[in-house]
There are 4 protein chains.
Amino acid sequence: MKDQLNIGIIGYKFMGRAHSNGWRQAPLFFDIPATPVLKAACGRHEPYVRAFADKWGWEEVETDWKKLVSRPDIDIVDIALPQNLHYEIALAAAKEGKHIFCEKPLSMTSRQAEEMLKVCEDNGVTHYLNHNYRRTPAVAYIRKMVDSGQLGRIFHWRCAYQQDWIVDPDFPLTWQLRQDVAQAGPQWDLNSHAVDLAHFLVGDIETVTSMITSFIGERPVADETASGSLSAQAQGTGKEKVTVEDAALMIVKFKNGAIGSFEATRFATGRKNHLTFELYGSKGSILFNMERMNEFQYYSLDDQAGQQGFRTILATEPEHPYAGNWWPAGHIIGYEHAFVHAVADFIKGVAAGTPVKPDFEDGLKIMQVLEAGLESAEAGRQVTI
Amino acid sequence: MKDQLNIGIIGYKFMGRAHSNGWRQAPLFFDIPATPVLKAACGRHEPYVRAFADKWGWEEVETDWKKLVSRPDIDIVDIALPQNLHYEIALAAAKEGKHIFCEKPLSMTSRQAEEMLKVCEDNGVTHYLNHNYRRTPAVAYIRKMVDSGQLGRIFHWRCAYQQDWIVDPDFPLTWQLRQDVAQAGPQWDLNSHAVDLAHFLVGDIETVTSMITSFIGERPVADETASGSLSAQAQGTGKEKVTVEDAALMIVKFKNGAIGSFEATRFATGRKNHLTFELYGSKGSILFNMERMNEFQYYSLDDQAGQQGFRTILATEPEHPYAGNWWPAGHIIGYEHAFVHAVADFIKGVAAGTPVKPDFEDGLKIMQVLEAGLESAEAGRQVTI
Amino acid sequence: MKDQLNIGIIGYKFMGRAHSNGWRQAPLFFDIPATPVLKAACGRHEPYVRAFADKWGWEEVETDWKKLVSRPDIDIVDIALPQNLHYEIALAAAKEGKHIFCEKPLSMTSRQAEEMLKVCEDNGVTHYLNHNYRRTPAVAYIRKMVDSGQLGRIFHWRCAYQQDWIVDPDFPLTWQLRQDVAQAGPQWDLNSHAVDLAHFLVGDIETVTSMITSFIGERPVADETASGSLSAQAQGTGKEKVTVEDAALMIVKFKNGAIGSFEATRFATGRKNHLTFELYGSKGSILFNMERMNEFQYYSLDDQAGQQGFRTILATEPEHPYAGNWWPAGHIIGYEHAFVHAVADFIKGVAAGTPVKPDFEDGLKIMQVLEAGLESAEAGRQVTI
Amino acid sequence: MKDQLNIGIIGYKFMGRAHSNGWRQAPLFFDIPATPVLKAACGRHEPYVRAFADKWGWEEVETDWKKLVSRPDIDIVDIALPQNLHYEIALAAAKEGKHIFCEKPLSMTSRQAEEMLKVCEDNGVTHYLNHNYRRTPAVAYIRKMVDSGQLGRIFHWRCAYQQDWIVDPDFPLTWQLRQDVAQAGPQWDLNSHAVDLAHFLVGDIETVTSMITSFIGERPVADETASGSLSAQAQGTGKEKVTVEDAALMIVKFKNGAIGSFEATRFATGRKNHLTFELYGSKGSILFNMERMNEFQYYSLDDQAGQQGFRTILATEPEHPYAGNWWPAGHIIGYEHAFVHAVADFIKGVAAGTPVKPDFEDGLKIMQVLEAGLESAEAGRQVTI
């Protein structure tokens, strides 16, 4: 096989930077069978994408994504864009035989997801969906513990993904708050991550009951031309309607009999990127908090009576997946490292022709749960998937 | 008014001890207008109640609660029994003109609660429902902060009450697991506390969506004659059906637009008496954990940018209600102290002829929410109260 | 032997209250071979001691301690006074054959301590020194773990006892800040506790190196007639010299080769009663914090690689000494409970004629270490005990 | 000035990797006036250094450091080697007019440090000493808080740097445990960082009292040819003498009247890279823990009474130095990011001709304190610097 793989990226904001860093760092810290080459970056605004490409070392620039995905020298298409653009691009890229590294959430609807999966499979391309939190050393290790039976039968999944970046009513109406671009609010953006983790660690979800709510109905129009993060400026004095929910809560039953809860919000004052989950099983329990992503907590019923307690484990040991590739124990890694891990595994999968999870099949399942949540909230009743 | 009030207590197990301690300690640490006199203790098994009375200083013993509540020398009836016995006793006591100090949860049904409230009102007696967590210094202070507007508009209430005392399938079928005695499982026992706190700190609940589940269907028969705690022994080899749920989850909307979640379970391995709540508002947020009941956490948007964070406040300062009556700052109090505070406030209320909250009116509202939860879980749809 | 023991207490402020509570509560929660009778309370100011006795149930009042200790009906003398008064009273009490329950620190000097010990031994009385922190369930359990070898060889003891009640320069010159009453500042008040715990958990100290310092040289004169806590009022406008140190730091070597550090201060802004220690051994480690006295943390090298971490253990289980006498697991106890435990053990020791540790022998050793610290600080060199 | 600066690095193990990453990442995340070019990597073992250079993108390889430092195309010499090699290389590099980026600790002795400083100053080169912890967003921000007077007068500095990588007596005698290479144990390796932070945040140290100790006297011979971390293999069966201390404790007085403590050890079981410090001042206090380097805690006496507490501040906001260059608030960074920050500031300093702190002047002061510590421990008395 090739020892170099040419990447074409579409998008140059927050995720464009995080993905670029992933492509660059992966070969430095991981033994991977092919080296990713940052071949071309694509965006509609030429000066912005040019500046981005110069900074990050993308060799060339494109302003039309259709041109990019049809370039014969491109092996991999990296979709680092909002979800309303995934469907069309993924379909085109797959039909061109490109492997796809796609930012989450997968799509606007489960119907899109279904088609994206089918076209990828039909064209035999690798399709990866970037729910990167799976690839923190802590979460990857927790999965191993669950698989080994250390927690026994899982009773409870308790999860919250809390942020506070729109508590201020003067925060403008960025794309994340518009249904036409984002499809939904935290249900799509945050609960997609949370449901992915629940599928990864507990199993498939069967029944969903949900409530969603809106706290602030109108916001100033946003100027977000060059924004690459969760900050934005208001533009002028007009106001527009917020067309997605502000918070989304779900209670679910898993097929294996476990029960779970999800809480996603952008109105949890003081919480920045506070994704926490709790797993309670018949032999032990585990807690995780993304803001302290280098740690997790584990309670074992096997410990001696009187000495049982939640252990705070620093997941920086050689036993913890990915951690040994970085620094000695006790030296923590950051948010973007999970992207590096994803890139390393993706390159390995592409090289070996094996799936890289989570993929569009997983993404489809996530979409089905998220849609069931919206449906349940609207109908005021349980929905079985 | 009298400077002594004669107490008659019914029940001598876990709550009998905790209440007795409350009656004894209150006058030592609080200035109260009347001294409670431990006049008579009542229980069906004479030797047990006798031993209890001797240890705790109850002057006399009764074995028939009807006799106790009709004794002219009794001013206050303390109902320290399971919920299936509250209704009949409270009605009789109220009709005899006794003030009532009643353990939670209030009753088996909201219909009982309604009648209990009415009879107490008709007879002009003070009726107190012992949701004692309101009277930890931290929670009492949090209420003051909410009232003063420090949190602004409340967006989210997030609450879990987690225990693990029945994870072991060989743990026997104690009364708490039998519908005829307990009415329900954690929905009654734990969520009653949680809903009381939500009412106290956020406001009335309007809509409820719920799921309940059962993890272990049968258990050994229990021998709990003399048990005073959450431990028990199995008796013989037979098994009986568990007739209450093992876990109960609710999502609610409050009348004021806030959204809330409740999770109550006895299957959270590693959690002993882990009642936690989170309050997120437009100006600040608060976190509380009953296992660290001397602390709470507060995040203020008024703090300087770059210096905002959750403060861990040790609620042992003179500013924190009740705390100044105990020890210097930094010297913590324990679980049973909230009972002492409840007794002190109850005595004041009885002396002044003013209500002592929470009372049966609050208990009725709690019952309505809990019943709506069970109804929602069964019907698989939202229920509006 | 007697089934009642008559107590005479001297002192009615902070420690008078805490001790009285101990005498009252012990028989309610512990099976003890004799019941303490609150026979007489003694203090110089008759109205104060009268009010105290009435509130706490002391049967009689004395205003001359010499009279109290010579009363034939008194079995036990409880010295709840500042350290400058211990020596004379303990000697007199012992000579009268009274058993002694003595508040810490033991004395003003090691010479006093030596004599106090000798006279007690000569007169065959039980002598208990109230370093009560030993009797929290967590610390008592930690001692069992150390004894069982779970930590292996101890390498490090790291301890701080931090308070902040005199950071304000206008806080007046209470007795704790006067050398004639207190002998020293945090070295006596706080490090006496810390050294007791080090002796209890690690072993005897051999060599001491110390630094002490003073931050505020003069303070307003205090009015502390009725004070029962760490708060006080300034009186008038005059200022007086602070004659004790404000902070005292020690590094020590233990006889068994471990190395240790102590830091005691009243100038740690934000710390109220923050006694923390860390124990690092060849097989495991333990952390403790008195402000979270119901918990401790334990790290075990026996845990599986990748799963080692500090466990937060809630010391409310039946396995934890004293805890099972209170409430079910997860229901915490408070600061004053350690006094109750001390009383229970003291009564047992008196009844059995066995020593109750720590006693004056332990107190003498503590005094020797504390004196060595002051000597080292003054001389600027290590001191071997 | 040049818009490119050519780097020559000496050393390719743990620090070689961390520095290389710094040179590569700095221009991606920071606006810097010149781009560092990874020109040449130097090491004695050609195959190792070649593999390192290939992986990290160093253009050329040298095996003789003297040759490297005299190459005219090299602008900056990066000394990523143990401390026994710093002196000779730094002197040669400075004399060649190269700017120096030097790993810590600065040198073997203060005499070396003095000469290194003088030669750098005489040759007008920029000299930076890589105590990188200063450049975590949290620590950099804490310095701003101290400078602004938010803590008031500092009373206490309490610091521990605890690791556990040599608790196992079979861990071999790596270079860090040999006096001829390392000069000292944790006193050099760990306390150099700690003293740098104390100088940075509190001020100069005046008086030192110290104890050091050794727990394990002999260890297996090490095979560390290719090691790049704190792990190593034993080689054969022989044992050699450990010639550095295992733990080093210091108590100090600062020139400004504050008092401080330091505890450095490799025998704190469970601690991996656990550098913690506490700063207590007359207006507030601050806590920091390097294993949670994205956070710090702050207590303010300006907060309302009853609401004072240690705030856990997530230092990922735009206000926190360096943080805004990475990801949105709540998305944490890792250990190696401080190296990126150091590189960015170093490039700026070199371009502007301004000092980059800490520099060899700071390093000299640190050496003086560390030497005073060893002297005090040996002599058993206080040493004034």
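In what order do the six strands of the open sheet in chain A stand?

## The sheet of chain A

In this predicted model, the order is β3-β2-β1-β4-β5-β6, with parallel pairing. The edges are taken by β3 (60-62) and β6 (127-130) of chain A; each has a single partner strand, so one side of each is left without a neighbour in the sheet. On average, neighbouring strands of this sheet are turned by 25° against each other, direction ignored.

The partner of β6(A) is strand β5 (residues 99-103) of chain A, and four bridges link the two in the parallel sense. Within this pairing, Cys102(A) is found opposite Leu129(A) of β6(A). Helix α2 (residues 46-56) of chain A lies across β1 (4-10), β2 (35-42) and β3 of chain A, and runs at about 155° to β3(A).

## Where chains B and D meet

Contact between chain B and chain D involves 18 residues of chain B and 18 residues of chain D. About 1300 Å² is buried between the two chains, 38% of it on carbon and sulfur atoms. Of the area that chain B buries against chain D, 42% is supplied by Gly306(B), Gln307(B) and Arg311(B), more than by any other three residues.

## Pairs across the interface

Strand β16(B) and strand β16 (residues 310-314) of chain D run antiparallel and are joined by three bridges. Here Arg311(B) stands opposite Arg311(D).

The interface of chains B and D has two salt bridges. Arg311(D) forms a salt bridge with Asp303(B), with 3.3 Å between the closest N and O atoms. On the side of chain B that touches chain D, β16(B) gives the largest share, four residues. That side divides into seven nonpolar, eight polar and three charged residues.

Technical notes: Residues numbered from 1 in each chain as written. Chains lettered and ligands numbered in written order. Predicted model: local features only at pLDDT ≥ 70, side-chain atom pairs only at ≥ 80, totals over all residues. Heavy atoms only, no water. Pairing = 2+ DSSP bridges. Axes fitted to C-alpha atoms, helices over the stretch in contact; angles between N-to-C directions. Contact = heavy atoms within 4.5 Å. Buried area = accessible area lost by both parts, 1.4 Å probe. Salt bridge = Lys/Arg side-chain N within 4 Å of Asp/Glu carboxyl O. Nonpolar A, V, L, I, M, F, W, Y, C, P; charged D, E, K, R; others polar.
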